[in-house]
Amino acid sequence: MLFLDTKGAHIPILGLGTWELRGRECARLVEQAVRLGYRHFDTAQMYGNERDVGDGIRASGIKRSEVFVVTKVAPDHLAPGLLERSVKESIGYLRLGEIDLLLLHWPNKGIPLSETIDALVRVKREGLVRNIGVSNYTVALIEEAAKLSDERLVCNQIECHPYLDQSKVIAACRAHDMAVVAYSPIARGHTIDDAVMSRIGKVHGKTPAQVSLRYLIQQGIGAIPRTSRVERLAENIAIFDFELTDAEMVEIAALAHPDGRIVDWSWSPQWD
Ligand SMILES: NC(=O)c1ccc[n+]([C@@H]2O[C@H](COP(=O)([O-])OP(=O)(O)OC[C@H]3O[C@@H](n4cnc5c(N)ncnc54)[C@H](OP(=O)(O)O)[C@@H]3O)[C@@H](O)[C@H]2O)c1
């Protein structure tokens with residue numbers, strides 16, 4: 001497994017997304033994923049499955065130090081005090097000890113960022129989490145958060161796939177040595193019907209989903225595809241044995257369009 005270059009955190013470039021996976025199904029998939037070589041697991045307080053993700057990892061029998069576990073603080077837990085309490089709860093659900101990476105799931109305009117960042121830095125210094133970062137942060141928010149934080153923010157988890165041009169925010173992350181981790185990396189499955197991705201996939205003996213994931217990791221962007229099907233777990237990790245040409249990378253990048261964003265809520269920030 002390759003790792004993202006983050007000057008500190010050692011984030012496996014491919015992980016398993018777990019949104020909407022729950023209960024024994026979630027635990028079973030996580031356990032299977034470990035067996036297939038996944039070493040990075042993405043959960044969140046909002047997903048209500050931290051307990052199941054922890055159960056799956058423990059059931060796999062893998063050494064704790066071999067897996068990288070990410071969880072995210074819900075936007076209504078960003079006030080100091082509440083943030084610390086919620087992180088302790090997450091640790092209690094996961095039962096894996098220290099969290100490898102704690103992200104702020106979404107910005108919340110109702111809570112001053114300086115207070116949230118102070119609380120985030122505190123949970124790191126208290127040893128509850130090994131690394132801290134953000135998610136859904138725009139260029140302006142990255143700049144503000146980086147100025148406020150006395151600890152390095154190692155990652156910004158953002159929506160990223162061939163249909164969305166995220167070049168501005170990726171450039172800002174790189175300027176601050178933050179790893180970029182792509183959520184919805186196969187555009188929730190839309191890439192599988194794409195004519196361009198299918199044609200390129202056929203050349204390499206790969207599926208459109210694999211092309212979409214390869215397109216990201218080949219740019220040094222992490223990816224956390226989600227699936228509820230065991231056979232797709234294997235498919236989504238079989239992306240390290242081929243390489244897209246420069247011309248194919250350019251062709252895939254040209255699929256981006258202004259309506260390409262999938263995840264947009266009433267609480268979303270003003271996107272770049
Ligand atoms: N930070 C945030 O705000 C945020 C927001 C959204 C997501 N995330 C994280 O990112 C993860 C991934 O994003 P996502 O769940 O939105 O979308 P995604 O991973 O791009 O797509 C998941 C969908 O694609 C299907 N799929 C998976 N592998 C496939 C394959 N090889 N071929 C065809 N279809 C396939 C899955 O269906 P099957 O189950 O039937 O395979 C599922 O419907 C989430 O689970 C979550 O952990 C974070």
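H9 gives the largest share of the lining of the largest pocket, three residues. The structure is a predicted model, where local features need pLDDT of at least 70 and side-chain atom pairs count only at pLDDT 80 or more, while totals for chains, interfaces and linings use all residues. Residues are numbered from 1 along each chain as its sequence is written, and side-chain values use heavy atoms, without hydrogens and water.

**Exercise 1.** State how much space lies in the largest pocket, and describe its lining.

*Solution.* Step one: the space is about 770 Å³. A pocket is an open set of points on a 1 Å grid over the protein atoms alone, where a 1.4 Å probe fits, with protein on both sides within 12 Å along at least five of seven lines; lining residues have an atom within 4 Å of a point. The volume is the space filled by probe spheres set on the points.

Step two: 37 residues line this pocket, and Trp-19, Glu-20, Ser-184, Arg-188 and Arg-226 are the closest to its centre.

Step three: helices H8 (208-217) and H9 (230-237) each supply at least two lining residues. Helices are DSSP runs (H or I, at least four residues), numbered from the N terminus.
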